[in-house]
Amino acid sequence: MATFFRGKQAGMQNDLSANIIPGSFAPDDRARYGINSQISCIAFEPIQSLLAVGTNESKFGSGRIYVFGQSRVQKMLVPSRSCSFADIQFCANRLVSLDTKNEVGIWDLDTGKRITGFRTPGVVSCMLTDPMLDWCFLGMQNGEICAYDLDRERMSSFRLPNFWAEKDPKTRAVALVSMQLHPRDIGKLLIAYTHGVVVYSFKQNTPNKFFEYEVPPGAPGGSGTMVESMRRPKVTHALWHPTGTFILTAHDDGSLVFWDAKDGRVVMARTFFESNINQPVPNPTSSAPKHPYIRIAWCCKQNPEDSGLLIAGGQKLDDPSNGLTFIDLGVTPNYATSSWQILSEYTKGKRTNSLETPPGVEITNFFLIPRLSPHFAGAQDPIAVMTLLASGELLTLSFPSGFPISPTNQLHPSVSFVHPFATKFAVTTLDRSRWLGMVETRSQGEPLLKGGAQAPHPRRRFEGRTIIQVAHADSTIRIWDVGHGDEIENPLQLQVDIARALDRYEDIEITAMTLASTTGEFTVGTNKGEVVIYRWDGNKYFNNPPDQKINSNPGGITDISARAEPSLKMGLMPYALYEMMQGPIRAIKLSDAGFLAIGSENGFISIIDLRGPSIMFQASMAEFTKQEKRASFIRSRSSASTSKEWPVVIEFGVMTLDEDKYSSICCFVGTNMGKVITFKLLPSATGYNATLAGVANCNDRVVSICPIVADTGKPAFATAHAVAGLREGKHVNGLLVVVTQSEARIFKPATARGASKSFDDYLCDAATVTEYELHGMALVGVFGDRMMRAFSLPGLKELGSYPLPMMDGSRASNSAITEDGEVFCWTGPSELAVLQVWGTGEEIENTADKLINPDLAVPPRPTISNVQWISGTQYVSPTDLDLLIGGPDRPPSKRMMSATAAIQRNLDSGPDSGYTGTGSQEGWGEYLTRQLNERTEKLNLMSDSMDSAADASQKWADDVGKFVNQQKRKMLFGSITSKFA
């Protein structure tokens with residue numbers, strides 16, 4: 001009965017929701033885009049080319065691990081209980097995680113599930129893995145080290161005590177700081193304690209070297225304080241040179257100390273600004289206070305001898321920026337032939353340059369992205385460095401130049417939500433054929449992520465693509481296809497730079513966006529009242545930006561095509577700038593018919609004809625809204641002083657208004673005070689004119705305006721096809737479905753009252769008329785009680801409700817709903833949830849994407865040189881280390897069995913295989929015997945070659961002597977014969 005009466009009141013004869021049964025409203029939780037909480041750790045796997053991001057636990061949910069590959073490839077690893085991740089590391093196609101509750105987890109990257117996990121026997125200070133080892137070393141806070149067998153998934157009996165406490169039992173509170181395996185000799189482990197550094201030998205099962213930094217009296221040290229006493233600054237970092245020639249320790253007084261790894265002497269003690277700070281000087285002075293060292297990486301090129309230090313921290317406190325510092329050390333001098341002076345000069349570096357970060361930001365960590373090699377502590381030949389800021393945002397810089405790298409088409413769209421933070425979004429259903437043609441051409445470096453393979457999706461082709469526009473804190477906007485759970489034919493992103501279009505880079509906040517659903521034109525409004533119009537075009541200034549200044553034009557429209565990005569060859573180009581300058585832009589709408597409507601916070605509205613472009617209408621809200629009647633003069637004065645009205649929603653449509661005999665282009669403007677103002681756009685001799693058609697009053701703030709065709713419920717938007725029908729005299733019997741915070745109303749514009757339904761117990765934050773394919777139309781809304789509801793048309797009877805526990809209630813008003821039933825809502829500061837209302841109630845599932853390519857093998861680990869091997873340094877292979885740590889009773893690992901199978905295959909291939917060993921039956925003692933025999937043979941060969949070289953050298957010297965004597969004799973005889981002549 002309610003449907004009958006409301007249909008009569010609204011002028012709608014058909015029940016548009018008759019075929020939608022209540023059970024049909026069962027939304028599918030389809031996808032997440034963004035990062036759910038603050039980022040805590042990052043890892044990069046160069047062989048598979050994957051990026052992993054770990055987050056902290058917060059009120060928005062538990063910590064998670066996101067693994068990203070190329071394009072849209074991703075996996076989400078969710079722990080079984082809430083936790084925050086402290087560290088994540090890739091290890092042999094697995095991911096090893098450490099959370100703040102001291103639990104280690106091993107994850108299968110292809111399934112996204114945890115293989116196993118265990119609680120550590122104490123508080124973990126650091127975790128160490130190596131791509132060639134099946135061991136995870138855990139450094140405890142008390143200085144002890146234990147090992148977990150990743151292959152057998154159990155703790156081993158291997159334990160290392162606190163060597164520094166054993167060396168000096170009088171020291172107190174000796175904690176473990178870090179661990180690092182020797183980059184070439186896997187049998188050595190560098191252990192850093194707060195009081196000093198130890199080099200431990202797996203082969204000898206004992207510490208070989210102890211390094212303790214002491215600053216004598218009279219030496220300035222890193223801080224220049226307490227210069228009259230002996231100081232022992234605490235260690236904060238320790239790391240190997242890429243070839244193991246030197247050891248670097250960083251200390252809490254700002255010192256960087258280079259050690260000779262062989263004899264344990266200090267080669268150089270320095271800071272960023274001074275050298276030889278450990279040597280006494282007359283009248284030492286205190287230095288300026290410095291930032292503590294946050295992280296240090298000893299990077300190298302493809303040639304590991306050519307290296308440098310990348311350092312976060314260490315700058316003076318009064319420096320304006322606290323970015324990254326790169327000290328280029330150059331090629332390492334030959335240790336055997338270089339003097340002490342040459343080694344000291346090497347540690348001073350060839351040059352120092354800064355990798356600049358935005359002013360006022362603090363770096364909490366950085367992560368290198370190497371090109372190919374996972375070795376050398378992940379610091380060989382890095383192409384970029386990803387910095388983690390204190391705010392939780394990411395910043396990617398090229399290495400070593402330090403130029404910012406945009407995440408557009410380089411990283412997964414979810415990563416861009418924190419690169420920097422996303423501040424606002426809008427959603428548009430764009431014509432499929434138009435979107436397929438919108439592939440921007442931009443000068444860009446090589447891709448950072450190349451791994452993974454996307455799972456196949458249904459090939460169903462929706463004619464309307466759901467295109468999201470995401471604005472970021474750096475005033476950039478990225479535009480991409482969210483998809484419908486189907487195969488995305490154009491997965492690339494578009495980018496526009498509002499700061500460059502405005503030619504100013506401070507105090508820019510994007511407040512409104514709109515994308516035309518057919519033409520692809522894009523318009524952006526800012527907090528300063530500027531409106532930037534973009535059009536798809538080629539860049540006539542590609543790689544050749546003009547040197548011209550565009551003057552400001554308040555109240556007018558200016559051509560800004562010269563402000564296109566120089567690196568963009570084809571894409572969305574800045575077309576025009578409208579400086580409305582009437583407060584922040586609060587509502588903006590593009591029509592495919594060539595019109596743009598803009599509403600500002602100061603209560604002004606402008607309509608622009610884009611054919612010029614020219615301003616065809618501009619007025620203040622006060623000029624055409626009637627003041628409500630007041631009960632008294634006092635009440636009228638108080639209301640007038642507080643009631644400020646401005647547009648909040650704008651929509652274009654084509655329909656017949658009230659008693660008109662024709663249909664026309666209409667512009668509907670909803671205000672924060674509940675008024676719906678209708679304008680008619682009529683052709684004139686000079687173009688189009690806008691006239692006021694009427695004002696309808698609702699209860700409160702307008703949330704949504706949906707023009708529909710009364711007979712079918714289909715959208716009655718002002719498309720090019722609908723406008724073309726006006727020339728043929730076609731009539732569109734249209735209605736408006738207007739939703740405010742407290743009611744839904746269906747009426748015929750401009751002034752009819754129509755039918756309405758009040759929301760008594762909740763407020764509406766977003767709503768639209770959606771289509772349930774082959775079933776009908778319904779009104780769907782998102783409400784402040786974190787519920788989603790569907791209502792029939794025209795009866796406005798509730799068809800069903802669905803809870804939104806994932807939604808951030810404080811940002812519910814920023815939700816969006818599309819005409820095909822896609823709901824977008826914020827789940828936290830930087831994550832969006834996407835739901836399809838006409839589904840089957842499915843929960844969100846992990847993707848079926850493949851992350852691991854089994855054909856990509858880890859390259860062999862760098863080893864000691866031949867000279868080191870001949871001189872007596874024992875080579876320890878990963879297999880040897882398995883025996884040293886796991887003991888002889890440990891079953892063969894999968895890695896050992898695969899190596900044995902490869903050896904057996906070589907044996908089966910015949911004598912030409914070149915393998916002369918004894919196969920997998922060789923024992924540990926036999927192995928050592930064979931190594932000794934091989935070394936003896938090498939030494940004998942070396943001796944023979946030396947003897948041969950000596951004989952050859954002696955023979956060459958004799959021949960030279962004979963030649964010289966012969967020349968002397970000829971010269972003497974020649975002079976004598978010339979005298980006789």
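Visitor: Where is the place of Thr120?
Guide: Thr120 sits in the loop between β9 (114-119) and β10 (124-128). Helices (H or I, at least four residues) and strands (E, at least two) are DSSP runs, numbered from the N terminus. This is a predicted model, where local features need pLDDT of at least 70 and side-chain atom pairs pLDDT 80 or more, while totals for chains, interfaces and linings use all residues. Residues are numbered from 1 along each chain as its sequence is written, and side-chain values use heavy atoms, without hydrogens or water.

Visitor: Why does Thr120 count as buried?
Guide: Its relative accessibility is 7%. Buried means under 20% relative accessible area, exposed over 50%, partly exposed in between (1.4 Å probe, protein chains only). Thr120 is therefore buried, since 7% falls under the cut-off.

Visitor: What makes the approach of the Thr120 side chain to the backbone oxygen of Asn102 a polar contact?
Guide: A polar atom of the Thr120 side chain lies 2.9 Å from that oxygen. A polar contact is a pair of N or O atoms within 3.5 Å; within protein, one must be able to donate a hydrogen and the other to accept it, and residues adjacent in sequence count only if both atoms are side-chain atoms. So 2.9 Å passes the distance test. The side chain of Thr120 also reaches the backbone oxygen of Gly122, at 2.8 Å.

Visitor: Which residues is Thr120 in contact with, leaving aside neighbours within four places in sequence?
Guide: They are Asn102, Val104, Leu138 and Met140. Contact means heavy atoms within 4.5 Å.

Visitor: Why is Tyr66 called buried?
Guide: Tyr66 has a relative accessible area of 2%. That value is under the buried cut-off, so the word applies. Tyr66 lies in strand β4 (residues 65-68).

Visitor: What is Tyr66 in contact with, beyond its neighbours within four places in sequence?
Guide: The list includes Gly34, Ile35, Asn36, Leu51, Val53, Met76 and Glu831. Take Leu51 as an example. It is 15 residues from Tyr66 along the chain, and their C-alpha atoms are separated by 8.1 Å.

Visitor: How do you know that the side chain of Tyr66 makes a polar contact with the side chain of Glu831?
Guide: The distance is 3.4 Å. That is inside the limit for a polar contact, so the pair counts. The Tyr66 side chain also reaches the backbone nitrogen of Asn36 at 3.2 Å.

Visitor: What makes strand β20 largely enclosed by the rest of the structure?
Guide: Five of its five residues are buried, so strand β20 (residues 256-260) is largely enclosed. Leu256, Phe258 and Asp260 point one way. Val257 and Trp259 point the other way. All are buried.

Visitor: How do you know that β19 and β20 pair?
Guide: Two strands pair if DSSP finds at least two bridges between them. Strand β19 (residues 246-251) and β20 share five bridges, so they pass, and the sense is antiparallel. Ile247 has Trp259 of β20 as its bridge partner. The hairpin has four residues between the strands, and Gly254 takes a positive phi near 95° there.

Visitor: How many bridges join β20 and strand β21?
Guide: Four, in the antiparallel sense, with β21 covering residues 266-270. Four bridges meet the pairing rule, so these strands pair too. Phe258 has Met268 of β21 as its bridge partner. Five residues lie between β20 and β21 in their hairpin, and Gly264 in the turn has a positive phi of about 80°.

Visitor: What makes strand β45 mostly covered?
Guide: Seven of the ten residues of strand β45 (residues 675-684) are buried.

Visitor: Which strands are joined to β45 by bridges?
Guide: β44 (residues 663-671) is joined to β45 by six bridges, antiparallel. Ile665 stands opposite Leu681 in β45. Their hairpin has three residues between the strands, and Gly674 in the turn has a positive phi of about 95°. Strand β46 (residues 687-697) is joined to β45 by ten bridges, also antiparallel. Phe679 stands opposite Leu692 in β46. A hairpin of two residues links β45 to β46.

Visitor: What share of the whole chain is buried?
Guide: Buried residues make up 54% of the 981 residues. The chain has twelve helices and 57 strands. Among contacts with a separation of 6 or more, 58% come from residues 24 or more positions apart.
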